[in-house]
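This briefing concerns a predicted model of a protein chain. The sequence and structure are shown first, followed by notes grouped by topic.

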Amino acid sequence: ISPPPMHANVSGQSAAKRSRVEQNSDGANWFYQWSKSIGTCCDGQGRPLTVGVFMNQPIEEVNKLAMAAGVDMIQLHGSETLADEADCALPAIRVIHVDSEAQVSTHAVSEDDLTAGPAVSLLLDTSFKGGGSGGTGMTFDWSIAKGLGKPVIMAGGLTPENVAEAVQVASPWGVDVASGTERSPGVKDHDKIRAFVRNAKSAR
């Protein structure tokens with residue numbers, strides 16, 4: 001049996017820049033695979049899905065902004081509760097902040113994270129002592145993400161150089177990168193994006 005396809009998302013791109021990269025790399029395929037794989041949440045639409053990322057905003061405001069923007073899914077990236085997640089007007093991605101020093105033996109992901117709430121996917125991202133969470137450029141113990149039950153998206157310190165190893169260790173549903181494909185803060189490097197997507201997909 002062939003393994004499921006690997007999904008690789010590049011965060012922090014403008015629409016114009018993203019479309020140019022997609023036309024010349026494997027990147028375009030991910031957006032359509034995402035749409036097919038989670039299509040049951042969004043009527044199986046045959047177009048790229050868009051995800052609105054929110055952090056510690058009132059859920060009423062989250063829903064209002066998400067509906068006005070026309071996104072397909074909501075990613076809760078802060079300390080939102082399971083009740084907040086349940087009140088989302090759209091399918092939700094729950095972010096779990098994994099301490100950069102945590103090991104799989106410390107049960108970094110709780111049973112409630114895996115079974116409670118209606119989230120359709122979990123996104124594991126790195127946090128560190130002192131309050132940083134998301135966009136840290138730091139990795140966590142990738143084996144923590146292995147076999148968690150719900151579809152898992154891995155983030156945190158991934159780069160074109162290490163993403164293949166991360167996929168081989170954890171076999172996640174997908175991987176997400178931001179600063180790992182930048183040539184300077186906030187400026188994407190299209191060659192790095194292509195290499196990241198290529199290496200993620202080839203590692204499955």
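**Salt bridges**

The side chains of Arg-194 and Asp-191 meet in a salt bridge, at 3.3 Å from N to O. The model is a predicted one, and its salt bridges come to three in total.

- Arg-194 counts as partly exposed because its relative accessibility is 23%, whereas Asp-191 is exposed, with a relative accessible area of 58%.
- Glu-85 pairs with Arg-94 in a salt bridge whose closest N and O atoms are 2.7 Å apart; both Glu-85 and Arg-94 are buried.
- A salt bridge also joins Lys-188 to Glu-182, with 3.9 Å between the closest N and O atoms; Lys-188 is buried, as is Glu-182.

- Asp-176 belongs to strand β8, which covers residues 174-177.
- Although buried, Asp-176 has no salt bridge. The nearest side chain of opposite charge is that of Lys-188, 8.0 Å away; a salt bridge requires the nitrogen and the carboxyl oxygen to be within 4 Å.
- Not counting residues up to four places away in sequence, Asp-176 touches Asn-9, Ser-11, Ile-153, Met-154, Ala-155, Leu-158 and Phe-196.

**Nonpolar cores**

- The largest nonpolar core has 26 residues, of which Val-98, Leu-124, Met-154, Leu-158, Val-175 and Phe-196 touch the most other members.
- At least two residues of this core come from each of β1 (7-10), β4 (92-99), β5 (121-128), β7 (152-154), α6 (163-170), β8 and α7 (190-202).
- Another core, of ten residues, lies apart from the largest one; among its members are Phe-54, Ile-59, Leu-76 and Ala-92.
- Leu-158 is in contact with Trp-142, Ala-166, Val-175, Asp-176, Val-177, Gly-180 and Phe-196, when neighbours within four places in sequence are left aside.

**Helix α3**

- Within helix α3 (residues 59-69), the buried residues are Ile-59, Val-62, Asn-63 and Ala-66.
- Viewed down the axis of α3, these buried residues fall within an arc of 95°, so they line one face of the helix.
- Glu-60, Lys-64 and Ala-68 are exposed on the other side of α3.
- The packing partners of the buried residues of α3 are β2 (51-54), β3 (73-76) and α4 (82-86).

**An exposed loop glycine**

- Gly-149 is situated in the loop between β6 (132-133) and β7.
- With a relative accessible area of 74%, Gly-149 is exposed.
- Gly-149 and Leu-122 are 27 residues apart along the chain, and their C-alpha atoms are separated by 9.6 Å.

**Confidence of the prediction**

- The chain has a mean pLDDT of 76, with 68% of its residues reaching 70 or more.
- Residues 15-43 have a pLDDT below 50, yet this stretch shows 52 contacts in the model beyond near neighbours in sequence.
- Where pLDDT is low, the predicted coordinates should not be read in detail.

How values were computed
Residues numbered from 1 in each chain as written. Predicted model: local features only at pLDDT ≥ 70, side-chain atom pairs only at ≥ 80, totals over all residues. Heavy atoms only, no water. Buried < 20%, exposed > 50% of the residue type's maximum accessible area, 1.4 Å probe, protein only. Helix = DSSP H or I, 4+ residues; strand = E, 2+ residues; numbered from the N terminus. Arc of directions from axis to C-beta. Contact = heavy atoms within 4.5 Å. Lys, Arg positive; Asp, Glu negative; His and termini not counted. pLDDT = per-residue confidence, 0-100. Core = buried A, V, L, I, M, F, W, Y, C linked by side-chain atoms within 4.5 Å.
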